[in-house]
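Here are my notes on the model you sent.

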Amino acid sequence: MSLHVRDLTIGVDLGGTKIAAGIVDPDGKVLSHMRIPTPHQPEAVGDAVAWAVDLVREDWDGVCAVGIGAAGYVDEGRSTVRFAPNLGWHDKPLRDLVQKQSGLPTAVENDANAAAWGEFLYGAAADHDDMVMVTVGTGLGGGVVIAGELFRGRFGMGGEIGHYRAVPDGRPCGCGQRGCIEQYASGTAHTRRAREAAKADPRRAARILALGDGTPDGIEGRHVTQAAEDGDPLALELFEQTGHWVGQALADLASILDPAVFVLGGGVGDTGELLRRPAEAAYHARLGGGENRIHSEVVTATVGPDAGLIGAAALARLL
């Protein structure tokens, strides 16, 4: 028997390893959820997204639109993924493909923008008109909301906060530049520093090494988090170092955007006070104008791992 609820939309979170889809109501509640692996063949991914949409809507009437959050650069029309390195895509007309197969109006958005929209509507930024979400995960992503509108820029690719150059001639970045802030303030950078510290002084890193396979290269971000929660001095120092770089990013962004609130999310961002506290301290110390400036709030995301799916579904409701 089919269920019917008015104004339902489908949100899709499209990543390099999984495709998650869900039925979402206007209050941001996920009513039905499914997940399938992302195909290894780039040409098969679009069909897999359309299949996920069909699967999740099987027992539901009243679905009015589809929103897709994709890891990549999305054009100004929210129709084409211009470049998605993790998916092997260049100029993929994802909207038209899904729209044709599902029969539903469809919008495509960058996944970090979708997550920011989810937090803006239903999470930590729900009481504000202006916000910046910073996702500290494999990379450094995020999204910007100004005066209640998602900022996308003229060509749809604004808000790529991980790719401003923080260190001239610094570490090479996958985007082709050197010294992007992502190379210093991301979860990947956080883990890299832990491995380097373990190689330099295995005795000091004994607790972190013990949580992994005993080798520096076996250290993962979750091991650093667990050690820090246990009070390990090196792990706490590593969070201070990552917080330094995240706080620098917040200060730079505040100088340009001056938002009401920064929301920290992503794998490292979701560690709560372990990252939030040193990031906030570094932000306060590095914001130009010092005590003459009003500091934005720095908070941790609250929607959870489905923020991108929920935000994409909410954007679809605007079609």
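**Notes on strands and surface**

1. Strand 4 and strand 8 (residues 106-110) pair in the parallel sense, with five bridges between them. Two strands count as paired if DSSP finds at least two bridges between them. Strands (E, at least two residues) and helices (H or I, at least four) are DSSP runs, numbered from the N terminus. In this pair, G69 sits opposite E109 of strand 8.

2. This is a predicted model: local features need pLDDT of at least 70, side-chain atom pairs count only at pLDDT 80 or more, and totals for chains, interfaces and linings use all residues. Residues are numbered from 1 along each chain as its sequence is written, and side-chain values use heavy atoms, leaving out hydrogens and water.

3. Strand 4 (residues 60-70) is largely enclosed by the rest of the structure, because eight of its 11 residues are buried. Buried means under 20% relative accessible area, exposed over 50%, and partly exposed in between (1.4 Å probe, protein chains only).

4. Five strands form an open sheet in the order 11-10-9-12-13, with mixed pairing. Strand 11 and strand 13 (297-300) are at the edges with a single partner strand each, so one side of each has no neighbour in the sheet.

5. Strand 9 (residues 131-136) and strand 10 (residues 140-146) pair in the antiparallel sense over six bridges. M133 has G143 of strand 10 as its bridge partner.

6. F151 lies in the loop between strand 11 (149-150) and helix 4 (182-185). F151 counts as partly exposed because its relative accessibility is 38%.
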